[in-house]
Amino acid sequence: MGERKSWGVKRAEIMSRPGAGAAYEAARIRFELGEAVRLRREQLGLTQSELAERTG
């Protein structure tokens with residue numbers, strides 16, 4: 001079996017691939033947008049179904 005790599009080493013390998021930084025940034029933005037929508041939905045007391053109905 002091969003030697004186990006730490007998360008830091010593995011992450012560095014992945015992030016060194018072409019396009020990895022841009023893909024990571026795009027995923028981060030999508031995650032933050034989704035989180036903001038969920039938090040606001042919860043503040044308004046809406047369910048996911050109610051929000052979907054209101055937004056079409």
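In which helix does Val9 lie? Val9 lies in helix α1, helices being DSSP runs of H or I of at least four residues, numbered from the N terminus. The legends below concern a predicted model, in which local features need pLDDT of at least 70, side-chain atom pairs count only at pLDDT 80 or more, and totals for chains, interfaces and linings use all residues. Residues are numbered from 1 along each chain as its sequence is written, and side-chain values use heavy atoms, with hydrogens and water left out.

**View 1. Packing of helices α1 and α2.** Helix α1 spans residues 7-15 and helix α2 residues 20-43; the two pack at an angle of about 105 degrees, their axes 8 Å apart. Axes are lines fitted to C-alpha atoms, for helices over the stretch in contact, and angles run from 0 to 180 degrees between N-to-C directions. The helices are therefore roughly perpendicular to each other, a class that covers 65 to 115 degrees. On the α1 side the contact (heavy atoms within 4.5 Å) is made by Arg11, Ile14 and Met15, and on the α2 side by Ala20, Gly21 and Tyr24. Sorted by class, this contact has four nonpolar residues, one polar and one charged; Ala, Val, Leu, Ile, Met, Phe, Trp, Tyr, Cys and Pro count as nonpolar, Asp, Glu, Lys and Arg as charged, and the others, Gly among them, as polar.

**View 2. Val9 and its separation from Ala52.** Val9 counts as partly exposed because its relative accessibility is 41%; buried means under 20% relative accessible area, exposed over 50%, and partly exposed in between (1.4 Å probe, protein chains only). Between Val9 and Ala52 there are 43 residues in sequence and 41 Å in space, C-alpha to C-alpha.

**View 3. Salt bridges of Glu13.** The structure holds five salt bridges, each a side-chain nitrogen of Lys or Arg within 4 Å of a carboxyl oxygen of Asp or Glu. One of them joins the side chains of Glu13 and Lys5 at 2.8 Å, N to O. Another joins Glu13 and Lys10 at 3.9 Å, N to O. Glu13 and Lys10 are three residues apart in helix α1 and so are separated by about one helical turn. Glu13, at 30% relative accessibility, counts as partly exposed, and Lys10, at 34%, also counts as partly exposed.

**View 4. The Arg28 and Glu32 pair.** Arg28 forms a salt bridge with Glu32, with 2.8 Å between the closest N and O atoms. Both residues lie in helix α2, four residues apart, about one turn of the helix. Arg28 is partly exposed at 31% relative accessibility, and Glu32 is partly exposed with a relative accessible area of 39%.

**View 5. Arg41 in helix α2.** Arg41 has its place in helix α2. Arg41 is buried yet has no salt bridge, and the nearest side chain of opposite charge, Glu42, is 4.1 Å away; Lys and Arg count as positive and Asp and Glu as negative, while His and the chain ends are not counted. Leaving aside residues up to four places away in sequence, Arg41 touches Leu46, Thr47, Gln48 and Leu51.

**View 6. Helix α3 and Gly56.** Helix α3, residues 48-55, is hardly covered, the count of buried residues among its eight residues being zero. Gly56 follows α3 and has a positive phi, near 75 degrees.

Terms used
Angles under 35 degrees count as roughly parallel, over 145 as roughly antiparallel, 65 to 115 as roughly perpendicular and the rest as oblique.
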